Amino acid sequence: MSAVPTAPRQPDAIAPSDVLGSRIVVVDDDEIALEGTRRALALAGFARIEARLDARETLADLSALGPDIVISDLLMPGMDGLEFVRAIRAIPAYEHLPILVQTGFERPEERAGAFEAGASDLVTKPISPRELVVRVRTLLENRRLIKQLSVYRQRMDEELRTASVMQKALLPKDKVIKTVRRECGLALDAVYEASLTLGGDIWGLAPLGEGRALVYIADFSGHGVAAALNTVRLSTFIERSLDVSAQPSALLDQINRFLCGELPIGQFATMLLGVFDTRSRRFAYATAGADAPIRIAGAARRSEFAPVGGPILRLSPDARFETRSVPFEPGDELVLYSDGLTEAPHADRPYFTPAQLLSSASEASRALAAEGHLGPGVATRLRDELAGAAGRTLTDDLTAVSFRFMEPESDA
Amino acid sequence: MQAEIAKGADYVEVRLAGALTFDDHEPFRQLLSDLLAAESPHVVLELSSVTSVDSSGLGMFLIADDETKRAGRRLTLRSAEGQVRHVLKLSGVDTIIAVE
């Protein structure tokens, strides 16, 4: 899944006219040498050459001249070549401007000094017109290719950002979250972060009526564009084709058979799908290679993992899944998460070991209760703790969703 | 990922080492085609020095299994330890591919 789309069109064959139309600024205090350089370039077909005798004046005019390349002598009265090169490099717009330095020096340390000052290349005087032209052309062609690449990159970044907005639009909308809160008494907190602009994680929510709500969280293998496309396939299938009246295990079975028909070998997903039933006060769920959800209960806010099992999706169309259920009483919380939470490293080891995760979940739940359930939920608090310990850079997609069964008396 | 190939009488074994991740996809594909080119009926991935495997790494095992089967050979994952062993079991991949 490392395939990156290639540029849709080949870079143009390097048309001579492209480079020959470049603006060249030549600076040399020696009129004869200056004319020699100008002439060599003009004979090679370059049409826009500005020949200057004074470096300081040229520097003052530089933005008006708008050079594509600067050719400068080194030994000059007033502002010398090295000073001139350093002054150009200090201007942010000219950070990557090709600068070709002409020098009579042969000693390696003096040549090194020119490169240290910021020269892109160097020709030795007396100049050979052929060598000069070849070096100028090469520098200009490189500049053009770099510009082309940066335009391409910019466009890809824009497209990825657009796609990322589209992907986030697949996640449950505020309206759905509010409906579930109203109909089921479930307060929800969610974190969704992609490591590469686009992610392979997705989660969803749907009110089923009669105090029930369906929730799922899935994590496709790999990350980036291919994994993100798979999240679209899954979300569309669940929305359009899933018969949600069935048991969680039967729903996973439907999804597994769908993915077996869609995904190539080597791509797969882990998933948890469950139904909150706030009347019978249970959470019934089935899992496919997913991490165990955390249930937080009681006055002490004790955390434990709910049992899981079942193979990853797309492993085999004959795979069997099991419906399990855990009590879910008013005041209880349930946390679902992708392995981006548990595998994020800190000093070469996962930060959230199972024991650490349980104790942090309890702590987060206690803090939330102490704040009168007004602050961020358990999912956000776990993410913040991880970010504080392991740093902000994600190597995997991270999704965490926590549900709190509101108690009528304290949440009224 | 590092890899070292050894050929026996009726098997070809590759010892993998390090973390098996997203970035190893291309080298792994190449490795797989080298292994199949060895024409041994039995392909063994020796995993005792593999420190971790992510979802892309697990996907590579599934691709290896598929390609060895297509070529009429069989694949064994040998000596997985720690996180790797855990992931093979949790994912159910150990029900599809022979794990020793």
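1. Lys and Arg are counted here as positive and Asp and Glu as negative, with His and the chain ends left out. The place of a charge is NZ of Lys, CZ of Arg, CG of Asp or CD of Glu. On that basis the mean positions of the 46 positive and 57 negative charges of chain A lie 4 Å apart. For chain B, with 10 positive and 16 negative charges, the mean positions are 6 Å apart.

2. This is a predicted model, in which local features need pLDDT of at least 70 and side-chain atom pairs count only at pLDDT 80 or more, while totals for chains, interfaces and linings use all residues. Residues are numbered from 1 along each chain as its sequence is written, chains are lettered from A and ligands numbered from 1 in the order in which they are written, and side-chain values use heavy atoms, without hydrogens and water.

3. Chain A has 13 helices and 17 strands, where helices (H or I, at least four residues) and strands (E, at least two) are DSSP runs numbered from the N terminus. Its radius of gyration is 32 Å against the 22 Å that the globule rule gives for 412 residues, so chain A is more spread out than a compact globule. The radius is taken over C-alpha atoms, and the rule is 2.2 Å times the number of residues to the power 0.38. The C-alpha trace of chain A spans about 95 × 45 × 35 Å along its principal axes.

4. Chain B contains three helices and five strands, in the order β-β-α-β-α-β-α-β along the sequence. The C-alpha atoms of chain B fill a box of roughly 30 × 25 × 20 Å along the principal axes.

5. Buried means under 20% relative accessible area, exposed over 50%, and partly exposed in between (1.4 Å probe, protein chains only). By this cut-off 47% of the 412 residues of chain A are buried; for the 100 residues of chain B the share is 49%.

6. The contact between the chains takes 17 residues from chain B and 16 residues from chain A, contact meaning heavy atoms within 4.5 Å. Together the two chains bury about 1300 Å², 68% of it on carbon and sulfur atoms. B:Phe22, B:Ser55 and B:Leu90 supply 38% of the area that chain B buries against chain A, more than any other three residues. Buried area is the accessible area (1.4 Å probe) that two parts lose on being put together, summed over both.

7. A:Thr58 sits in helix α3 (residues 55-65) of chain A and counts as buried at 0% relative accessibility. Leaving out residues up to four places away in sequence, A:Thr58 touches A:Val25, A:Val27, A:Arg52, A:Leu65 and A:Phe84. A:Val27 is 31 residues from A:Thr58 in sequence, with a C-alpha to C-alpha distance of 7.7 Å.

8. Most residues other than glycine have a negative phi, and most peptide bonds are trans. A cis peptide bond joins A:Lys125 and A:Pro126, with omega about -5 degrees; A:Pro126 lies in the loop between β5 (121-124) and α6 (129-168) of chain A.

9. Two arginines have positive phi. A:Arg301, in the loop between β11 (294-297) and β12 (302-305) of chain A, has a phi of about 55 degrees and is buried, with a relative accessible area of 11%. A:Arg314 has a phi of about 85 degrees and lies in the loop between β12 and β13 (324-327) of chain A. A:Arg314 is also buried, at 16%.
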